[in-house]
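Please open the structure in a viewer and keep the selection panel at hand.

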Amino acid sequence: MAACYGAGALLSLLLARWSGRLALGVSHLAAFAGAVVGLGVSLGVLLGAPGRTLTQPLPVLFPFARLSLSVDGLSAYFLFVISLVAVAAAVYGPAYLRAHSPDAALARQAAQGLALNVFLGSMAFLCCAGDALTFLFCWEGMTLASYVLVVSDDRDGENARAGLLYMVMAHGGTALLLVAFLTLTERSGAFDFAALRVAARELDPATRTTLFLLAFGGFAVKAGVVPLHVWLPRAHPAAPSHVSALMSGVMLKVAIYGILRFAFDLLAPVAGPLPFSWGWIVLFVGTTSAVLGVLYALQQHDLKRLLAFHSVENIGIILIGVGLAMILWRQEGVGDALATVALTAALLHTVNHAAFKGLLFLGAGSVLCRTHVRNMEELGGLARRMPWTAGLFLLGAVAISALPPLNGFVSEWLTFQALLAGASRFHGPAGLVIAFSAAMLALTGGLAAACFAKAFGVTFLGRPRTFHAEHAIEAPPSMIAGMVWLGALCVALGVAPGCAMRLLDAPTAELLHGPGASAVVMSQGPLILSTALMPSGTNGTAISMTMVAALLMSLTAIAWVLRRGLQRATRRVAPTWTCGMQPTTRFDYTATAFAKPLRLVFAALYHPRREVTRETAGTPYVVQRIHYAGEIVDLAETHVYHRVEREISALAQALRARSTGRIYGYIGFVLGALFVALLLLGVVYG
Amino acid sequence: MTGDRPLGLVLLEMTLLVVLGPLVTGTIQKIKARLQCRQGAGVLQPYRDLTKLLRKGTVQADTASDFFWLIPVLVLAATVAAGALVPVVRAGPPAVPLGDALLLLGLLALARFLTAVGALDAGGAFGGMGASREMTIAPLVEPVLMMVVFSTAVAAGTTELGALAAQRGTSWLLAWHAADFLGFAAMLVLLPAETGRIPVDNPDTHLELTMLHEGMLLEHSGPGLGCMMLASHTRQIVTLGLVAALFFPVGPADRAGATGLLLGTGAFAAKILVLATFLALVESSYAKLRLFRVPQYLGVGFVCALIALALRIL
Amino acid sequence: MSAETVQTIIDDLGALLLFTMILIVAAGQIYRAIYAVAAQSLLIAIAGGVLATSTGNKDLWVIAGLTLGVKATLLPWVLHLVVQRMNVRREVEPVIPVAATLALAVVVVVMSFHLSASLGSVQPAITGNALPVGIALTLLGVLVMATRKTALTQMVGLFASENGIFFTAMAVTQGMPLIIEIGVILDVILAALVMAIIVLRVGSTVAAYIADLDELRG
């Protein structure tokens, strides 16, 4: 696998000298091969004998650390998720880059190919890391490669700013991670995970919680939870679409992998439940992210920014499942099965989100490369011109809105069942908080459906609003192929979730030391999803997605017959009724108008700004022109970040006044710092 | 958890719901007419409307895409599939597991999503307005429904409607917990929102400024419109059946044979009649709320459902 | 009737009382609030009757009768008269938005349940859910008084508070002294009379806003 990604990176550099197209093609082919190998390896571990861990020591690079790879159930699962989306992105990439920027410089194409392979490779190895150094190296590699990809497409300075913000925040998160990891390695004396586990057992609860919070903070920046999400809506749209699909679908999941690894594996106490605050903090953060993410997504008009905010929402949903699993694990009075259900829900939503978010980003990319317009208010009527893209985008929209019979519904169903179990187990306000969380989850599901009705409707339906939209043609077949792969995945995971449960056995069994996922969720048969024994002793609920899908298919057939009517009357075509006026594109409902009622309902959370200016001619009663400007600003940005930024700027200004510009001043400063460091060293070792 | 309702019975119940749906609408219209001191159309009028529509031809907007033809098909299929999940004549889980209350809500949400998408397809402001308003109300209804389902499911330990009804007891006497009063009140608040009736929506008007659901149906015609109307009748009776299964699970559960089925059907019809009368009375007594008052109205339902859950858990 | 039946009935009545309280908090028109508090008092009277038959306490019959006569009929009629005479705007005027008041109401209910669970030693002395529901009603009545500007709605809040106190007092299995309950009712009647007089007198020239009394400053 390393060979494939490494070869891809190198070859793309070499071949760039001759032909940009060849470099792109070969690099993406190498990425594809690497992804396929990754799929094979992960499936081998997941479906193989339980408890099997592949270990692979790496060549010794440093004298103080041994690098190694270890692929256990959890690693293999995330490797599987990465490879799935990477396959689609690799197939999609070359045609997209050719169509989107056909006149790109050779160097840029080479850089994109190189960065893509480094990105995929580092993510894959990150999940397989067996010790802290490999983990951190791959983390850095992933960040740098994605930065290169984000700024590679700089049509204006906006991408550069987005990339800078991304770098700053990612490195802030990495700093937190470094502190957490280094504290552990200092106590254990070695870098590999087994030694860290042993060292963590002797921690006192306060240190344990601090380390967890540090690690959670670091991973939360990368995962894009509110309020650390501000880089996401800027960076994800800036990257090329297949890279956006990878970043949204896969890079965020790698952060989830980190959280799970820390909470359940490295920092977990030997016996007994996890400390009280962990699960509740994660649950609270998850719920907030879910609600705020979808609320901000509703008001976006840029297709890719909308999808980026939806990633924030779905990460929130995954964190709800993770938080629940942390709360329910090893609690007395609760079987192991309930935590398994919660973790299964979270992990299943991981792969589901990767599938449908990848599909949606690839669809947005094909719209972008054909129309060169990202603002959905300038699109419209694309369903007749790009039928395949429209159909697949609709599939992704139905999946992300958690509507049956697709995969989004399955993972939300499992999350709801886990929340119900949690609510009935905890009597008192804790149970009520969990139930309120469930209500908020239902709210996000409804809001996501509203948002995608808007996104799909305004972009693909109605009349084309601009020249570009009117003259769009269907995307090239390789891009369609990439999307079809992910769409088929959505359908398969929705209609037959049993196949995914089989894959979830290894991660859940190993992490929670309990029954595997399929033993709990598939306990009544291969096609039936059922929940475990509830605390009240009764059997849980059982549904069968396959049966429902079959029922839907047969009913569709009957309804189709009904639709054709009793009489073979010809279908007449007539213009849309617009009160007798000639219909133009100005009659179509805009995206802003569609989302306006929700903007007013949630005005307390949005604080929308609105500015209406009227130009009059002569008397105030004759209005010549009305200018309307409305704006929604991310609350996190205004209240948190701008304030922090102002403080830092003020501090920097104050310090700037001190810099004298004379060299002996600086040398004196260095001497002073050295002196203080030596003093500290003496104090510490004295 | 295989139960005692064979698949054939489930499909029969589903067909029964579809067949009876227009009758419920007709009854509500008749009661409203009588309350307005007029005769009104017959109770069977919706059936005549549907047959008339099936015989007509279709007029399609010139900007509509190929999805538009499919939308009524999918919406009807989703709504009727939701009907298969409601226990009608007999309580108890079905022999083959099908779906639970969450899947029912999901299928109804799918139907609503597809209707909204279809409304945006033809272009023009009416469809957009109806779709926008409908998709504003829908996310606010879902949390309340979820809380109500939770408050009844927490005690029974399952969300599957047949099992839930069986667990709460199907003797002819209602065994309500204190929390059920508040849960039922919340459901009554939600009923007009889910079925698209006053005070949330006006089903009788065709003025674009006053309609949510009807606005999305404007561009459909002929058999397509017939499918959408049948879907809205079915949606109404499915919602009433959901209320009946959650709060009034009275009726025979274990008596097999023809008498059991007849008694069960009779009990179901009685429950639906009571709820339909309630809807008709509410429609005749109140005015339609402004769109931006509806969240406040739904907020009362949410508070009731939350306190119902609190009474159960605490 | 058995103790369990009584407890179930008290629990059910408690839920219905909470429902009427939510209606009072969320009422958009004064008439709705008045009818809701009348219904609430009727439920209190029913609760009194049930408890009277089960415990055989004659005082409870008196209390139930008084509640029925005074709080379910007379006082709402007085309020109704004042509203009609005054021709006030039918809207209640909230200080904070109704949604915020509803959210506070939920918090109050949850906290009162939590509080009564922690007062575990008192539990066997009171039938069923009456203690948490009573505390919730009292606090919610005060919430209504604190978040409304018009004097009439504040009266409604006072009546609701008193209903809450009565509910808990009636459900005490040992029985509360009659004199306390008579005293509370008299206080409420007095308050209602005073309010009616002030409103009818003052209201002939200005609207009945308690908030306007802050003009009486030095």
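Two strands are said to pair if DSSP finds at least two bridges between them; helices (H or I, at least four residues) and strands (E, at least two) are DSSP runs, numbered from the N terminus. This is a predicted model, in which local features need pLDDT of at least 70 and side-chain atom pairs count only at pLDDT 80 or more, while totals for chains, interfaces and linings use all residues. Residues are numbered from 1 along each chain as its sequence is written, and chains are lettered from A and ligands numbered from 1 in the order in which they are written. The model scores ipTM 0.93 and pTM 0.90.

**Stop 1: a hairpin in chain A**

Select residues 609-616 of chain A, strand β6, and residues 623-631, strand β7. The two strands run antiparallel and are joined by eight bridges. Within the pair, A:Val612 stands opposite A:Tyr628 of β7(A). Six residues lie between the strands of this hairpin, and A:Gly618 takes a positive phi near 75 degrees. Is β7(A) well covered or hardly covered? Hardly covered: the count of buried residues among its nine residues is zero. Here a residue is buried if 20 or more other C-beta atoms, placed from the backbone, lie within 10 Å of its own, exposed if 12 or fewer, and partly exposed in between.

**Stop 2: helix α23 of chain A**

Select residues 591-601 of chain A. The buried residues of this helix, α23(A), are A:Ala591, A:Phe594, A:Ala595, A:Pro597 and A:Leu598. Seen down the helix axis, they fall within an arc of 145 degrees (taken from the directions from the axis to the C-beta atoms), so they line one face of α23(A). Their cover includes α11 and α17 (429-460) of chain A, together with α5 (125-156) of chain B.

**Stop 3: the loop at A:Pro275**

Select A:Pro275, which is found in the loop between α10 (241-266) and α11 (276-298) of chain A. Because it has 18 C-beta neighbours inside 10 Å, A:Pro275 counts as partly exposed. Leaving aside residues up to four places away in sequence, A:Pro275 touches A:Pro205, A:Arg208 and A:Thr209; a contact requires C-beta atoms, placed from the backbone, within 7 Å.

**Stop 4: where chains A and B meet**

Display chains A and B together. The contact takes 76 residues from chain B and 79 residues from chain A. On the side of chain B that touches chain A, the largest share, 18 residues, comes from α5(B). The residues of that side divide into 49 nonpolar, 17 polar and ten charged. For this division, Ala, Val, Leu, Ile, Met, Phe, Trp, Tyr, Cys and Pro count as nonpolar, Asp, Glu, Lys and Arg as charged, and the others, Gly among them, as polar. Next select strand β5 (residues 572-574) of chain A: this strand and β1(B) pair in the parallel sense over three bridges. A:Val573 stands opposite B:Gln60 in β1(B).

**Stop 5: the nonpolar core**

Which residues have the most contacts inside the largest nonpolar core? They are B:Leu182 and B:Cys304, in a core of 433 residues. Such a core is a set of buried Ala, Val, Leu, Ile, Met, Phe, Trp, Tyr and Cys residues joined through C-beta atoms within 7 Å. Select B:Cys304: its contacts, not counting residues up to four places away in sequence, are B:Leu182, B:Ala185, B:Ala186, B:Val189, C:Phe19 and C:Ile22.

**Stop 6: chain C**

Finally, select chain C, which has seven helices and zero strands. Of its 218 residues, 44% count as buried.

Notes
Two residues are in contact if their C-beta atoms, placed from the backbone, lie within 7 Å.
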